[in-house]
Amino acid sequence: MATIAEQAGVSKNTVSLALRGDRQIPPATRERITRIADQLGYQRNPVMAQLMVELRKARPSGYRRTLAVLNANLDRKAFTKHPTLPPYLDGIKRRATFHGYRLNEFWLHDPELYGERLNRILKARGIRGALIVGLMKENRLPDRFAATWANQACVVTGVRTRGPTLSFVSSDHHALVIEAVEQAIRLGYQRPALVMDEHIDRLVEGRFGAGMWTAQQNLPARRRVPAFTQVEASRTDTTAFHAWRERHQPDVILTLYSYVQDWLKQAGFKVPQDIGLIQLERRASHPDWAGLDQHNDQTGEAAVDMLIGMLHNQETGVPAHPLATLIGPTWVDGQTVAAVASR
């Protein structure tokens, strides 16, 4: 590396940055250094490269650059007020700090933040990477921000997007439901059932429903309960929910919604004595529930790692082959289920 630096008339640090493709180094200088390295037969030592990564980790990270965090939720205050989004932000902030990055937050539904303006702001601040958080109603990104997706390295958390499809990190919803059913069966439940609004399942490309279908293949046909999907409508009128429950007689319900417990109690059912409940996204606000921790904070951390890797590799714009990372869940015991012996 010293020989390359001498022939190029630059410092060894400049050579190191240039050979990593860092945009701090002007393109012409990067090309010249790369050409000299090729002529000299230079090959990067992967063991030394990994050692340098570990040495950097051991030192406190100073500020390097800035990443954008784009709030794609309809609520401007979703990052603090939404029941499930704050853990994503906790993980993002923790991992960005670890790597030495600062964060700038933007709300995509800000009426004053039209697409080209956001792109100009990011460019002016030297931001080349964005994390998109909070897509809850749809997984299509606003067309007016096409210039942003085209010029930035972008990673989405929570869902896979369409139009365009970007690299993403989310909970493994398919594995999540399978794990929930398996835990229910271990406890002795016979007729596990999924209560999931059809819109939410479509948002994650049917992975909740597909996980339930897969898990039910291990059950006799007489114990396979069809999912209840009219959740949103039942928030104002529970008639359809109770008709479904009466017809199919589930003994444990898997759901995202804490108000299902209220529906059951209002109908005179005791939880878990009469029917069990498993929360598919266990929240701090309901610590008594049994269920699955989706580790949304780790989703945020993994999204930052993915984004920084893309930046290091100069991967900007809409990817031809989007990456996907799925975070596995962890079962957490709670008071809303009970073993057969105690029911």
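This is a predicted model: local features need pLDDT of at least 70, side-chain atom pairs count only at pLDDT 80 or more; totals for chains, interfaces and linings use all residues.
Visitor: Which hand does the crossing of helix 6 and helix 15 have?

Guide: That one is right-handed. Residues are numbered from 1 along each chain as its sequence is written, and side-chain values use heavy atoms, leaving out hydrogens and water.

Visitor: What makes helix 6 oblique to helix 15?

Guide: The axes of helix 6 (residues 86-99) and helix 15 (residues 296-312) cross at roughly 40° and come within 6 Å. Under 35 degrees counts as roughly parallel, over 145 as roughly antiparallel, 65 to 115 as roughly perpendicular, and the rest as oblique. So helix 6 is oblique to helix 15. The axes are lines fitted to C-alpha atoms over the stretch in contact, with angles from 0 to 180 degrees between N-to-C directions. The helices are DSSP runs (H or I, at least four residues; strands are E, at least two), numbered from the N terminus.

Visitor: Which residues make that contact?

Guide: Helix 6 brings Pro87, Tyr88, Gly91, Ile92, Arg94, Arg95, Ala96 and His99, while helix 15 brings residues including Asn296, Glu301, Val304 and Ile308. Contact here means heavy atoms within 4.5 Å.

Visitor: Why is helix 13 called roughly perpendicular to helix 14?

Guide: Helix 13 (residues 239-248) and helix 14 (residues 259-266) have axes that cross at roughly 75° and come within 11 Å. That angle makes helix 13 roughly perpendicular to helix 14. Phe241, His242 and Arg245 of helix 13 meet Val260, Trp263 and Leu264 of helix 14, and these residues divide into four nonpolar, one polar and one charged.

Visitor: How many cavities of 30 Å³ or more does the structure hold?

Guide: One. On a 1 Å grid over the protein atoms alone, a cavity is a set of points where a 1.4 Å probe fits but cannot get out, whereas a pocket is an open set with protein on both sides within 12 Å along at least five of seven lines; lining residues have an atom within 4 Å of a point. The largest cavity has about 40 Å³ of space, a volume filled by probe spheres set on points joined across faces, edges and corners. Strand 1 (residues 65-71) gives the most to its lining, with three residues; Tyr101, Arg128 and Leu311 are among the lining residues too.

Visitor: And how much space lies in the second largest pocket?

Guide: About 770 Å³. Of its 30 lining residues, His82, Met136, Ile200, Leu256 and Tyr257 are the closest to the centre. Helix 10 (residues 198-203) gives the most to that lining, three residues.

Definitions and conventions: A crossing is left-handed if the near helix is turned anticlockwise from the far one by less than a right angle, and right-handed if clockwise. Ala, Val, Leu, Ile, Met, Phe, Trp, Tyr, Cys and Pro count as nonpolar, Asp, Glu, Lys and Arg as charged, and the others, Gly among them, as polar.
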